[in-house]
Every structure is written in structure tokens, then in C-alpha cells.
Amino acid sequence: MEDRHIIITYRLDRATIQELCAQLEPDLMSSIRQPTGIPPLVRVLSVLHFLASGLFQTTVAMASGMSQPMFSNVLTRVLSALLKHMRSYIVFPQVEDLATMKADFYALGHIPNIIGAIDGTHVAFVPAPEKLASFQE
């Protein structure tokens with residue numbers, strides 16, 4: 001598969017996918033109660049495709065060569081493994097850094113109240129009502 005097509009399909013490049021699979025493989029192998037015959041790479045790629053595409057589980061499962069119930073199980077296990085390593089990949093800003101980040105992003109694009117960017121995708125974070133006052137300052 002061409003590198004461009006990999007990024008479109010999985011939203012990650014080849015090297016990052018390989019690194020992610022290597023990091024998750026011990027978690028995925030230890031979480032198997034019964035051997036599924038589905039290699040960790042196929043499980044990770046299936047879940048990445050599901051997350052990147054917004055398709056239904058049935059569609060991704062069929063494209064991956066598994067049943068929907070099997071994909072549901074794979075999805076749960078891969079997401080659990082990802083959560084264990086989440087802090088290696090996702091860093092949220094500290095409250096004291098928000099004003100500076102908002103100003104820096106405003107200087108770039110003249111859009112107010114932006115604190116970060118992910119792959120060019122707009123993601124609205126809505127704080128809990130009790131936290132809202134501290135974000136509106």
C-alpha cells in the first residue's frame with residue numbers, strides 16, 4: 001500500500017503504525033483468552049481504520065475478514081491497550097498555559113479560543129459545567 005493511502009486509511013504513517021503495533025503487541029497477546037488467529041497487526045489496523053473512517057463495526061469487520069462480534073471484541077481489547085499507553089501520545093495543556101496557547105493560535109489563524117490542533121480536524125472540547133467558569137477567563 002502506498003504511504004499516502006496508508007495515511008488516508010489509518011490517519012497515521014507506516015512508521016508510527018509499526019511502532020504502535022510493537023508497543024501494543026504484548027498487551028494484545030496477553031489479553032487473549034482463546035487464540036483468535038488474528039495477528040496483532042490486523043487487529044490494530046482494523047481498529048485504526050474504524051476510528052479514522054467513522055464506518056460501522058460490521059463494515060470494518062467484513063473488510064478485515066472477521067465477524068462483527070469478533071471485531072467488537074478486538075475493538076475493546078485494542079482500545080484498552082491504547083488507553084494504557086495514552087499518555088505517551090496525548091498531552092493536554094496545563095490550565096496555566098491556556099492563555100498563552102490561545103494567544104499563539106489566534107496569532108496564527110485569527111480564530112479565538114483555540115488551544116491545539118489535531119491533524120487539521122476540528123474537535124470541540126466542552127468542559128463540565130462546574131469547570132466552565134475557569135475556561136472562560
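Predicted model: local features only at pLDDT ≥ 70, side-chain atom pairs only at ≥ 80, totals over all residues.
**View 1. Packing of helix α3 against helix α4.** Helix α3, which covers residues 40–53, packs with helix α4, residues 57–64, at an angle of about 145°, and the two axes lie 10 Å apart. The crossing in which α3 passes α4 is right-handed. On the α3 side the contact is made by Val-42, Ser-46, His-49, Phe-50 and Ser-53, which meet Gln-57, Val-60 and Ser-64 of α4. Sorted by class, this contact of α3 with α4 comprises 3 nonpolar and 5 polar residues, with no charged residues.

**View 2. A salt bridge between Arg-14 and Asp-3.** Side chains of opposite charge can pair when their charged atoms come close. Arg-14 forms a salt bridge with Asp-3, and their closest N and O atoms are 2.9 Å apart. The pair links distant parts of the chain, since Arg-14 belongs to helix α2 (residues 14–30) and Asp-3 to helix α1 (residues 3–10), 11 residues apart. The count of salt bridges in the model comes to 2.

**View 3. A nonpolar patch on the surface.** Tyr-89, Ile-90 and Phe-92 form this patch, and together they have about 310 Å² of accessible area. Phe-92 is found in the loop between α5 (68–84) and α6 (98–109).

Conventions. Residues numbered from 1 in each chain as written. Heavy atoms only, no water. Axes fitted to C-alpha atoms, helices over the stretch in contact; angles between N-to-C directions. Helix = DSSP H or I, 4+ residues; strand = E, 2+ residues; numbered from the N terminus. Left-handed = near helix turned anticlockwise from the far one by under 90°. Contact = heavy atoms within 4.5 Å. Nonpolar A, V, L, I, M, F, W, Y, C, P; charged D, E, K, R; others polar. Patch = residues over 30% accessible without salt bridge, like charges linked within 9 Å, V, L, I, M, F, W, Y side chains within 5 Å. Areas by Shrake-Rupley, 256 points an atom, 1.4 Å probe, with all protein chains shown as cover. Salt bridge = Lys/Arg side-chain N within 4 Å of Asp/Glu carboxyl O.
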